[in-house]
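The following exercises work through a single chain, each with its solution in steps. Have the sequence and the coordinates open before starting.

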Amino acid sequence: FQAISYVWGDASDILSITCNGVIIPVTRNLHDALERVRYSDKIRTLWADAICINQGNTTERSHHVAFMDMIYKNADAVFVDMGHDRD
C-alpha cells in the first residue's frame with residue numbers, strides 16, 4: 001500500500017469520492033490530493049487517515065493515531081500534499 005499525508009484544510013468544505021462503490025465525504029483538500037496522485041489507467045491502494053480512521057469515533061481515532069508512524073514507515077511510498085499554491 002501507499003499512504004498520503006495532506007493538509008486537512010477547511011473541515012466544512014466537503015466533496016465526495018467513490019471508493020469501492022461507496023460514496024465517502026472528504027475535505028476538498030483530500031479530494032484534490034487524491035486526484036493529483038490517482039492513476040488514470042489502474043487501481044492505486046492508498047491509506048488516508050480521514051478515510052481509513054473513523055473520525056467520528058474518538059476512541060478509534062486515538063488508537064489509530066498512535067500507529068500512524070508505523071503506517072507511514074511500512075508504506076511502499078508516502079505522498080505529501082501541501083495543497084494548492086496560493087498564487
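**Exercise 1. The surroundings of Ile24**

Leaving aside its neighbours within four places in sequence, which residues is Ile24 in contact with?

Solution. The model is predicted, so local features need pLDDT of at least 70 and side-chain atom pairs count only at pLDDT 80 or more, while totals for chains, interfaces and linings use all residues. Residues are numbered from 1 along each chain as its sequence is written, and side-chain values use heavy atoms, with hydrogens and water left out.

Step 1. Take contact as heavy atoms within 4.5 Å.
Step 2. Leave out the neighbours within four places in sequence; Ile24 is then in contact with Leu15, Ser16, Ile17, Cys19 and Ile51.

**Exercise 2. The nonpolar cores**

Which residues make up the largest nonpolar core, and which elements give two or more residues to this core?

Solution. Step 1. Buried means under 20% relative accessible area, exposed over 50%, and partly exposed in between, with a 1.4 Å probe and protein chains only. A nonpolar core is a set of buried Ala, Val, Leu, Ile, Met, Phe, Trp, Tyr and Cys residues joined through side-chain atoms within 4.5 Å.
Step 2. The largest such core has 10 residues: Ile4, Tyr6, Ile17, Ile24, Val26, Leu30, Ala33, Leu34, Val37 and Ala48.
Step 3. Strand 1 (2–6), strand 3 (22–27) and helix 1 (28–37) each give two or more residues to this core. Helices (H or I, at least four residues) and strands (E, at least two) are DSSP runs numbered from the N terminus.
Step 4. Helix 1 provides the largest share, 4 residues.
Step 5. A second, separate core has 6 residues, among them Ala3, Trp47, Ile71 and Ala75.

**Exercise 3. Helix 1 and its cover**

Which residues of helix 1 are buried, and what covers the buried residues of helix 1?

Solution. Step 1. The buried residues in helix 1 are Leu30, His31, Asp32, Ala33, Leu34 and Val37.
Step 2. Their cover includes strands 1, 2, 3, 4 and 5 as well as helix 2 (49–52).

**Exercise 4. Strand pairing**

What is the order of the open sheet of 3 strands, and how do strand 2 and strand 3 pair?

Solution. Step 1. Two strands pair if DSSP finds at least two bridges between them.
Step 2. The open sheet has the order 4-1-5, with parallel pairing. Strand 4 (46–47) and strand 5 (78–81) are at its edges; each has a single partner strand, so one side of each is left without a neighbour in the sheet.
Step 3. Strand 1 and strand 4 are joined by 2 bridges, and Ala3 has Trp47 in strand 4 as its bridge partner.
Step 4. Strand 2 and strand 3 pair in the antiparallel sense, over 6 bridges. Leu15 stands opposite Val26 in strand 3.
Step 5. The hairpin of strand 2 and strand 3 has 2 residues between the strands, and Asn20 there takes a positive phi near 55 degrees.

**Exercise 5. Salt bridges**

How many salt bridges does the structure hold?

Solution. Step 1. A salt bridge is a side-chain nitrogen of Lys or Arg within 4 Å of a carboxyl oxygen of Asp or Glu. The structure holds 2.
Step 2. One joins Asp13 to Arg28, with the closest N and O atoms 2.8 Å apart. This pair links distant parts of the chain, Asp13 being in the loop between strand 1 and strand 2 and Arg28 in helix 1, 15 residues apart.
Step 3. Asp13 is partly exposed at 26% relative accessible area, and Arg28 is partly exposed at 35%.
Step 4. Arg36 and Asp81 also meet in a salt bridge, 2.7 Å from N to O. Arg36 in helix 1 and Asp81 in strand 5 are 45 residues apart.
Step 5. Arg36 is partly exposed, at 40%, whereas Asp81 is buried, at 10%.
Step 6. Beyond four places in sequence, Asp81 is in contact with Ser5, Tyr6, Val7, Ala33 and Arg36.

**Exercise 6. The start of the chain**

Is Phe1 buried or partly exposed, and which residues does Phe1 touch?

Solution. Step 1. Phe1 lies in the segment before strand 1. With a relative accessible area of 38%, Phe1 counts as partly exposed.
Step 2. Not counting residues up to four places away in sequence, Phe1 touches Thr45, Trp47, Ile71, Asn74, Ala75, Asp76 and Ala77.
Step 3. Phe1 and Asn74 are 73 residues apart in sequence, and their C-alpha atoms are 8.4 Å apart in space.
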